[in-house]
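Biologist: I have the sequence and the model open. Please walk me through the terms, and show what each call rests on.

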Amino acid sequence: MFLEKLSAYAEQIDMPPSMYQSTPIRYVIRLDADGNYLNIEELVDEKNKLTFSRNAPSCKRSSGIKPKLLVDNGEYTIGIAREKSDPRRVQEQHAAYVAQVCECAVETREPLVIAVTHYLRSLDIGRIIKEKPDFDPSANITFRVGDCYPFDLDSVKRYWATKAAASDDSGPVMQCLVCGEMRPPVERLPIVIKGIPGGQATGLTLISANAAAFESYGLIASLIAPTCEACGERFGNALNALLRENKTHIVIPPLAYVFWLRDPGTADLDMQSLMNAEPADVKNLLHAARRGRSESTLIDDTTAFYAATLSASGARVVLRDWIETSVETARQNLARYFTLQQIQDYQGNLIRFPLYSLINATINRDTQEKPQPQVGLALMHVALHGGELPKSLLYKVVLRIRASRNVQPVQAALIKMVLLSQHDTTILNNERDDYMTTVSEDEKDAAYLCGRLLAQLDYIQHRALGKVNATIVDRFYGTASVSPAVVFPRLLKGAIPHLASIRPDHNANSKSYSASLSYPDRELARLLEQLSSFPPMLTLKEQGRFALGFYHQKAQILSQAAKTGIAQSLTSEDIDSDAVTTSVSEGE
């Protein structure tokens, strides 16, 4: 199904000529009509980035010597070896390249190609090195005769389409799994895929088998899923086009996400909101989802929407997830995705997060740790397909919080997403948009209340002692989040002298005890009234609720402190300046 939809998408793009691919070109050797050398141009900008790319002859090659016609790297084209290359092999590569150009000249009889052969027979490498002493043999190089590139000629295109054909007409005929026609299949797909992180630089293949365990009925390589050459080119070019356009893909290593519409002219869905989470984009998305299809007159929300999650494994593409739905459903699920994660920050603003921030919430950003692919895969699936986030995400973020002994806004948002996605899969209406975005006074769950209590005790300690080397959160968060009954009686006992020391600051002249109660007193009393006892042990889900309660209470304290000027140092220490957030107005 994935290959079939990709093949259909090829109708929406400008397909390159057969066996041509978009190719970056760094050097152009200019020749006159007789093949005499004029000069060499390097097509880069002031930052040394390539500025020229063209559809040029291409072919799949691995370890063998296989030149590309008229556009290839410096080793093939002019025989200049890279530092670690075998000089003998480079000469063989160059000889094969020259033979290929000469054959093309004989077959096509094109004067421009003949001019290139004349130059190659009298090649003077010294002139090139003199003009370009920093010549890069790994970069692509081509020829320009007058004002024309020989590989742009129609006769050259026809020659290469036949020469580089991957299928063998004399071989067996099989049913193509994409078009269903009886045609000769290709043993090696003609188009390699580029743009997926972690794969071979030379490109990846969509269908292949390299071990007996993957081979059936004696079929090898791409023949395990027989595909005709025409379809192989179509879906290969289609996927490369998706991976080139910013509007049709997202790359967060080690995964690449591609998405497209069946009829792009009749529907609209901005997937870049996943990456940027800009307030205006998210607001428009939520409003569109709430409005529904009934008010849409210009956009067909029933248009099919496709999305795939890809990764690399050596020289192969791995399809990790495939989603086929409608634009309306995808928009509803995307709106739900943002609603599930929205949470108030330390200033009291409602915030949402780009996809990569949520993925990185499970790792230690101070090290070289990389997120596991399953994290992004699960988030993307819920964003477009709906459903539940796995508990494994909750486990990862809870472990990270326990190690750092602090709950960042993005971590609280991810916990909220996991808990709510498993609790309520249709949170989207206005009445529930603010559910669990901040402190929930109606929440009686003991684990949640214990988290709030720890944040309140930490605030009391800060008010009494100011900045200390190790706070109660630094020392006891891990134990408190797993076994509250073990540590909270001790923490409450230690809070009594702190309350006594800060109480006169609130109302030193008051004679009644009730009037002298400060905000920490009242909040602490309210929490303890709701906690009949401390749980002896918390489950994974309860540890997540503990972390969420801790964050909610802390954010409430800090947002109030920001308004009153209290606990200035606490706010500056605990806000993560590296966290990427997006704030939106409360009135959405």
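**Calls and cut-offs**

Modeller: Helix 15 passes helix 16 in a right-handed crossing; a crossing is right-handed if the near helix is turned clockwise from the far one by less than a right angle, and left-handed if anticlockwise. The contact brings Leu-454, Leu-457, Asp-458 and Gln-461 of helix 15 to Ile-472, Val-473, Tyr-477 and Ala-480 of helix 16. Contact means heavy atoms within 4.5 Å. This is a predicted model, in which local features need pLDDT of at least 70, side-chain atom pairs count only at pLDDT 80 or more, and totals for chains, interfaces and linings use all residues. Residues are numbered from 1 along each chain as its sequence is written, and side-chain values use heavy atoms, with hydrogens and water left out.

Biologist: Why are helix 15 and helix 16 called roughly antiparallel?

Modeller: They pack at an angle of about 165°, with their axes 11 Å apart. Axes are lines fitted to C-alpha atoms, for helices over the stretch in contact, and angles run from 0 to 180 degrees between N-to-C directions. Angles under 35 degrees count as roughly parallel, over 145 as roughly antiparallel, 65 to 115 as roughly perpendicular and the rest as oblique. Helix 15 and helix 16 are therefore roughly antiparallel.

Biologist: Which way do helix 13 and helix 14 run relative to each other?

Modeller: Their axes come within 10 Å and cross at roughly 150°. That makes helix 13 roughly antiparallel to helix 14. The crossing of helix 13 and helix 14 is left-handed. The contact residues divide into eight nonpolar, two polar and two charged. Ala, Val, Leu, Ile, Met, Phe, Trp, Tyr, Cys and Pro count as nonpolar, Asp, Glu, Lys and Arg as charged, and the others, Gly among them, as polar.

Biologist: Why is Arg-405 called partly exposed?

Modeller: Its relative accessibility is 34%. Buried means under 20% relative accessible area, exposed over 50%, partly exposed in between (1.4 Å probe, protein chains only). So Arg-405 counts as partly exposed.

Biologist: What makes Asn-48 partly exposed?

Modeller: The value for Asn-48 is 47%, so the call is partly exposed. Asn-48 also has a positive phi, about 65°. Asn-48 sits in the loop between strand 3 (37-42) and strand 4 (53-57). Leaving out residues up to four places away in sequence, Asn-48 touches Arg-26 and Glu-42.

Biologist: Are Cys-59 and Cys-148 buried or partly exposed?

Modeller: Cys-59 has a relative accessible area of 6%, so Cys-59 is buried. Cys-148 has 24%, so Cys-148 is partly exposed.

Biologist: What kind of peptide bond joins Pro-253 and Pro-254?

Modeller: A cis bond, with omega about 10°. Most peptide bonds are trans. Pro-254 is in the loop between strand 9 (249-252) and strand 10 (255-261).

Technical notes: Helix = DSSP H or I, 4+ residues; strand = E, 2+ residues; numbered from the N terminus.
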